[in-house]
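Work through the exercises below with the sequence and model at hand. Each task is followed by a stepwise solution.

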Amino acid sequence: MNADEFRVYGKQLIDYIADYLENIRIRKVFPNDKKPGFLRELIPGSAPIDGEAWPNILQDVEDIILPGITHWQSPHMHAYFPALTSYPSMLGDMLSNAINAVGFTWASSPASTELEIIVMNWLGKMIGLPDDFLLLNNDSKGGGVIQTTASEATLTCLFAGRARMIKRYEKKIAEFDPAELNARLVAYCSNQAHSSVEKAGLIGLVKTRLLEPDNNLSLRGETLLKAIKKDRENGLIPFWVCATLGSTGACSFDNLAEISAVCASENVWLHVDAAYAGSAFICPEFRIWLKGIDKADSIAFNPSKWLLVHFDCTAMWIKDSTALHSSFVVNPLYLQHDNSGLAVDYMGVRLARKFELLVLSDKRFEIPAARHLGLVTFRLKGENALTEELLKRTNSRGNIHCVPAALPGDIYIIRFTVTSQYTTVEDIVKDWHEIKIVADQILREVEY
Ligand code: PLP
C-alpha cells in the first residue's frame, strides 16, 4: 500500500468505524450462534502467498470476523467491566502508530518520556493523589508510569516491594541469601481481590494469603494485622499487601484507612488495585474510599475501563521509584544517557442505580452485595441453579450479555455492569425486560 492508497483507504476506514459505532445497537451484542473453532472453517490455514486488496480484507472483517465478535461498545453489553473507547482515543492511537517511537528511555525518544510524566501528573491530580505520588520536580521520588494492564501493575509493584524488603535484609544480615529470604516472604489480599494478585504471588514465588473480608466484602485492618502477626510468629516475613478498591466480583471496597495504618506500622508495601473504580475518584464524592492513600506505596487504575481511552492502558503511580528501579535495574551501554534534571459524564453510575431500582421492584430477585458505582450484582432468590439458568438462557438469546461471579458462602450472582457510553435509560429498561422474560419462563417451569 502506498501513501496515495493509504489516503483513500484510511478515509474509507474512518467512515467504516464511525458507521460501526453509530449503528452498534443493531448488532447482536454476543455471537451466541458461534461454536469453538468456527473461524478455522472460514479462513485458510496458511497465510496467502499473494497479498489481498484492502477492500477485500475489510469486507472479510465485516462478513467473517464481526459476526463472531462480542461487541463491547454495545449498549447491551453488561459483562465484565467497561472497555470504553472514543474517537479522540482512536485518533491519538493512529497518530502514535504512525510516529511509532519506542520510548523505553528518555534518550530513545525524549518527548515520549516527558509527555508521559506530565500527563501522569495531570491524571494523578485529577483523582486526588497526594503529591508524593507525582513527579513534580528534580527532588520528587514518586511518579506515574503507563502500564499495559492492572495485572502487570500489580506484578510490578509486588516485585518493587520484594526488592525493598530484600534490600533491608541485605543490610542487616552478613551472609545474606536472597533465595532463602524469598521463600519466607508473604503477601496479603482479600479473597475478593482479582485473580491477578494471586497470580503475581505465584510468579514471584511468594506465599499469598487470601484473607476473609467482613460482611460488606471489605477487608479490615484487624484481619490483616492478625494474619501478619501470626506469620511473623512463624518466622515468615510479611512484605506486601494489595488493597482492592472496586473488586471484580461485586465492586466492594477494602477499608484502605485501616489497612494503610497497619501497613505503615508493620512496614510492609501497600499496593492499591483500583482497576475499575479508580476513574470514579475524579469525582470528589467518591474519594471517601481513597482515605489512607497517603500511606500507600503504589496505586494503579485502568483509564481503559472507564475513561474513554481504549484498551489497554493502566496508570500506575509509585511513591518511591527507586524501589521500582532497583528491582529491574540493568544498565547496558546503549541505554545510558545523561540523567540530570527531569530526564527521566460521568455516565454509568446513574444508569446502574436505575437498573438496581428495577431489580428491587421485583420481589423474585435480590441484590446480594451493595451496589457501588456502575456495577449491580443480582440473582433470583433461592437455589443457585435458578440464577445459573437465568444467565445461561439470557446470554444464549444474544440480546444482552452478562457474566457471573461467586460471593462468599457459594452465592452465585450475575454481574450487570453499565459498560457502554451509548447505553440509555431506555436500553436499561429494555435489558431488564429481557431478563424478566427469561426469569418468568424459568420460574413458570419450576412451578409446574
Ligand atoms: N483488578 C481488578 C479489581 C479488576 O476488576 C480487574 C479486571 O477487571 C483487574 C485487576 C485486571 O485488569 P487488567 O485486565 O487490566 O489486568
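**Exercise 1.** Compare the span of helix α3 with its expected span, then decide how covered the helix is.

Solution. Helix α3 covers residues 87–99, 13 residues in all; helices here are DSSP runs of H or I with at least four residues, strands are runs of E with at least two, and both are numbered from the N terminus. The model is predicted: local features need pLDDT of at least 70 and side-chain atom pairs 80 or more, while totals for chains, interfaces and linings use all residues. Residues are numbered from 1 along each chain as its sequence is written.

- After α3 comes asparagine 100, with a positive phi near 50°.

**Exercise 2.** Which strands pair with β6, and in which direction does each run?

Solution. Pairing requires at least two DSSP bridges between two strands.

- β5 (residues 269–273) is joined to β6 by three bridges and runs parallel to it; valine 272 has isoleucine 299 as its partner.
- β7 (residues 314–318) is joined to β6 by four bridges and runs antiparallel; alanine 300 is partnered by methionine 316.

**Exercise 3.** Sort the residues of β6 by the way they point.

Solution. In a regular strand, side chains alternate between the two sheet faces.

- Ser298 and Ala300 point one way.
- Ile299 and Phe301 point the other way, and all four residues are buried.

Technical notes
A residue is buried if 20 or more other C-beta atoms lie within 10 Å of its own, exposed if 12 or fewer, and partly exposed in between; C-beta atoms are placed from the backbone. The expected span of a helix is 1.5 Å times one less than its number of residues.
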